[in-house]
Amino acid sequence: MELDPDDIFKDDEDDPDSEFYQQRESSKEFVVYLVDASPKMFSSTCPSEDGKEETHFHIAISCIAQSLKTQIINRSYDEVAICFFNTREKKNLQDLNAAFVFNVAEREYLDRPTARLIKDIDCIEESFMKDIGSQYGIVSGSRENSLYNALWIAQALLRKGSAKTADKRILLFTNEDDPFVSIKGVAKADMTRTTLQRAKDAQDLGISIELLPLSQTDEEFNVSLFYSDLIGLEGDELAQFMPSAGQKLQDMKDQLRKRMFTKRIVRRITLSIANGLSIELNTYALIRPTMPGAITWLDSVTNRPLKTERSFICADTGALMQEPAKRYQPYKNDNIMLSVEELSEIKRVSTGHLHLLGFKPLSCLKDYHNMRPSTFIFPSDKEVIGSTCIFIALLRSMVRLKRTSRPQLVALVAQDEIISAGGQVEPPGMHMIYLPYSDDVRHIHSNTNAGATRATDDQIKRAASLIKRIDLKDFSVFQFANPGLQRHYAILQALALDEDDIPEINDETLPDEEGMARPGVVKAVEEFKLSVYGDDYDEESDMGNGKASDASKKRKTAAENAVKESANYNWPDLADNGQLKDLTVTELKYYLTAYNLPVTGKKEVLISRILTHLGKQRRAELWR
């Protein structure tokens, strides 16, 4: 097998289609939802978005269902479990009272979320009182401690996996700020102590406990009564904890979303500062492009995932190759054979550590130096004790003034902590900017033709005025969702949950017609057009008689040819009969070009795009 040098020295992380790229960015996550099912959760209400009163139990269930719908798309390999406490019935491996682990068929207690689980949890309120029941699990005169039991069950469920390769979390929903309010004296102190110790034991095993409180309409959840000790809040953390965020359903969903989608470690690297002085760093991907989920091939009869295997056949004998194939590199008249181990050794041209080369002013770092999304780094004391102290000293000094298979120059840009009234806005740390190689930078060649048309000072002034008028204040890419992906996931959800209606998607990328119609913007546009084109400019005439460049002529010719070729196919019939997969990529692009659709992507992506445009979304997903 002949070597492809570009393929050999390509970094795995640079290939967005690879499974390595998609899953290495974060570790697996195990989550147990603990939901208080006491009568107080059913009797307490708060207003929802439409003004109706919703029980706290309904809010908790809605948040979990919404979270699972999002998680099954974004992080389908994470695993979850749902446990209710203060219940009449019991169902758990420890056979503890007042605790019920909810599950569905063909699924372990802690497992990946399924469509069946989401459907059943979404409508559990209808049968909850009959099948599971609600009662107070902590009452005077009884030694039963339902909260202790729930924490024990959650800890047992989270024994699965290693803390080094998985993040383990407990999310606790309740509206009772003092679970032992009905207990007095020594009994209360003893139950409080044992419950806090159970929580500490879980935290010592690497399990984090998150509290999602629901406040009464006329009484705020007082976290300092008990739960501040359970989750370890003190000082500023206690003052900044905002239990009132759970008063409304949407606020509660937003709070859960923030806690569910925490930044996860991409990888751990070592920063060599000087000879003999190194610290350990965790790296985080703050922003990455969102991709549709990978296609899974299913058996047409059983609907189970298929396992793909590849075998090599000898060209001379036709026999299956038992030994791993070797690659070769032609050199003169010989083929130099290389094993997999030798190829790996060839690629390993650097240690994979960061080496501090020196310091430069931030002004030396240009916008065009940023070749790909930066990585945020933060110290870790897990392997190298004292990393945090050295990192803080280095960070403060800079404020005052990956593992890769190839050497890479990077710039570390210090970021100081930013705190507002609502808490921490930006954490202290550093951004790792990946710098370009010399051949990555393209220099602009200015037009030296003296007769070239140049903008006048008035035209530049009008253009600057126009840009200032339509400039988006405090713009962030997080303000706009990808409408194509949103619709893609909405269709997936409708198919998986057998929903009749597909949710309407608000396309936030469309032009703001209302904003563009403001008098100030209209005036700036007209002044710019007048400055550039003059009074006698006829836009429609110019569009018809303007001279097209060679490139535009070629594009126009290609589009016209695509329209002609596309007319030779009965696209709706091909889609209905599932015959689009029999066409070549070139034939599929005839349709896409004819309707001015993107032509990038693999064959299955092109087919999905055609089916979506034809209004065959459901068939598109079934075909997948």
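Mentor: Serine 272 stands opposite histidine 355 in E12. Two bridges join E12 to strand E8 (residues 265-274), and the two run parallel. Strands (E, at least two residues) and helices (H or I, at least four) are DSSP runs, numbered from the N terminus. Two strands pair if DSSP finds at least two bridges between them. This is a predicted model: local features need pLDDT of at least 70, side-chain atom pairs count only at pLDDT 80 or more, and totals for chains, interfaces and linings use all residues. Residues are numbered from 1 along each chain as its sequence is written, and side-chain values use heavy atoms, without hydrogens or water.

Now the whole sheet. It is open, with six strands in the order E12-E8-E9-E13-E17-E14 and mixed pairing. Its edges are E12 (354-355) and E14 (410-415), each pairing on one side only.

Next, the rings. The structure holds 15 aromatic pairs (Phe, Tyr or Trp ring centres within 6.5 Å, with the six-membered ring for Trp; planes under 30 degrees apart are stacked, over 60 edge-to-face, the rest tilted). Phenylalanine 84 and phenylalanine 128 pair edge-to-face, 5.2 Å centre to centre, with 70° between the planes. Phenylalanine 84 lies in strand E4 (residues 79-85) and phenylalanine 128 in helix H6 (residues 128-131), so the pair ties together parts 44 residues apart in sequence.

Last, confidence. The chain averages a pLDDT of 79, and 82% of the residues score at least 70. pLDDT is the predictor's confidence in each residue, from 0 to 100.
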